[in-house]
Amino acid sequence: TRMRVDVVSIFPEYLAPLDLSLIGRARASGVLDLAVHDLRTWTHDVHRTVDDTPYGGGPGMVMRPEPWGEALDALVPVGEEPPPRLVVPSPAGVPFRQALAHEWAAERHLIFACGRYEGIDQRVLEHAATRMPVTEVSLGDYVLFGGEVAVLVIMEAVTRLLPGVLGNADSLAEESHAHGLLEAPVYTKPPGWRGHDVPEILRSGDHGRIARWRRDEALVRTARRRPDMLAVLPATELDKRDIAA
Ligand SMILES: N#Cc1c(-c2ccc3ccn(Cc4ccncc4)c3c2)n[nH]c1N
């Protein structure tokens, strides 16, 4: 197996979609070995308590450190080399981007800690960092209820980069971000649909002109929707299209 992934959550059923489609195939093909664990496995009281009131006051509850400590003890064999990476989705995390997906696709073992409530006692991450690399990561500037959906997103972005998971046709989708622009629009049959026609050029068979048309469309879209992406393009890319303002 190329990669082992452990996910710990108080809502393990939230991760059920990881059994489906591409990720299901990656697991069946043996390239990905995934296990989802219920954090309450590592509680010992009759109510299986995972949360408590926050020191310093404030609204909501905080996840207790003890169950997380025992969960990580159980999931990280002593002396595992290289150590797993602990990924903790959090509103206070670093932005999750394709570069991180590529980095994490090269890991042998990932452990995802799904928080709920107001988050996980920070000492869990501090203690884990003495044994393994720890990354607090955020999907974006909006507020979720917990880390589970972030793990679904991250697992999709990482799994599709594992060898053999993408058919070569899909891998082109990955390429298209390589030029640092948004993708051009896509079309398929029928050529005319509800009065809307496919751009003639795409049916011309002139692959040079089609490539240019797609790049122009990608640039226009990027300029309109993500000007921030253009700001970081190497100048040569802009000069190529003589659109430098
Ligand atoms: N990744 C990611 C996220 C989260 C996120 C992730 C984990 C947890 C655990 C608990 N919460 C709820 C909460 C806690 C504190 N402040 C606000 C909300 C989470 C939110 N919100 N937005 C993102 N982009």
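Trainee: Let's start with Arg-123. Is Arg-123 buried, partly exposed or exposed?
Mentor: This is a predicted model, so keep that in mind throughout. Arg-123 is partly exposed, because its relative accessibility is 47%.

Trainee: What does Arg-123 form a salt bridge with?
Mentor: Its partner is Asp-121. The closest N and O atoms of the pair are 2.7 Å apart.

Trainee: And Asp-121, buried or exposed?
Mentor: Asp-121 counts as buried, because its relative accessibility is 14%. The cut-off for buried is under 20%.

Trainee: How many salt bridges turn up in the whole structure?
Mentor: A search finds 10.

Trainee: Show me another. What does Asp-19 meet in a salt bridge?
Mentor: The side chain of Arg-27, at 2.4 Å from N to O. Asp-19 is partly exposed, with 49% relative accessible area. Arg-27 is also in the partly exposed class, at 28%.

Trainee: What about Glu-66? Which residue does it form a salt bridge with?
Mentor: Arg-64. Their closest N and O atoms lie 3.5 Å apart. Glu-66 has a relative accessible area of 44%, so it is partly exposed.

Trainee: Which residues are linked in a network of salt bridges?
Mentor: Arg-4, Asp-6 and Asp-33.

Trainee: Switching topic. Which residues form the nonpolar patch on the surface?
Mentor: Phe-11, Tyr-14, Tyr-142, Leu-144 and Val-149. Together they have about 430 Å² of accessible area.

Trainee: Where is Leu-144 placed?
Mentor: In the loop between strand S7 and helix H5. Strand S7 covers 134-138, and helix H5 covers 148-159.

Trainee: Why does Leu-144 count as partly exposed?
Mentor: Because its relative accessibility is 41%. Patch members need over 30%.

Trainee: Now confidence. What is the mean pLDDT of the protein chain?
Mentor: It is 92. In the chain, 90% of residues reach 70 or more.

Trainee: Where is confidence lowest, and where is it highest?
Mentor: Lowest in helix H6, residues 168-176, at a mean of 60. Highest in strand S4, residues 62-63, at 99.

Trainee: Last one. What are the ipTM and pTM scores?
Mentor: The model scores ipTM 0.99 and pTM 0.92.

Key. Residues numbered from 1 in each chain as written. Predicted model: local features only at pLDDT ≥ 70, side-chain atom pairs only at ≥ 80, totals over all residues. Heavy atoms only, no water. Patch = residues over 30% accessible without salt bridge, like charges linked within 9 Å, V, L, I, M, F, W, Y side chains within 5 Å. Areas by Shrake-Rupley, 256 points an atom, 1.4 Å probe, with all protein chains shown as cover. Salt bridge = Lys/Arg side-chain N within 4 Å of Asp/Glu carboxyl O. Helix = DSSP H or I, 4+ residues; strand = E, 2+ residues; numbered from the N terminus. Buried < 20%, exposed > 50% of the residue type's maximum accessible area, 1.4 Å probe, protein only. pLDDT = per-residue confidence, 0-100.
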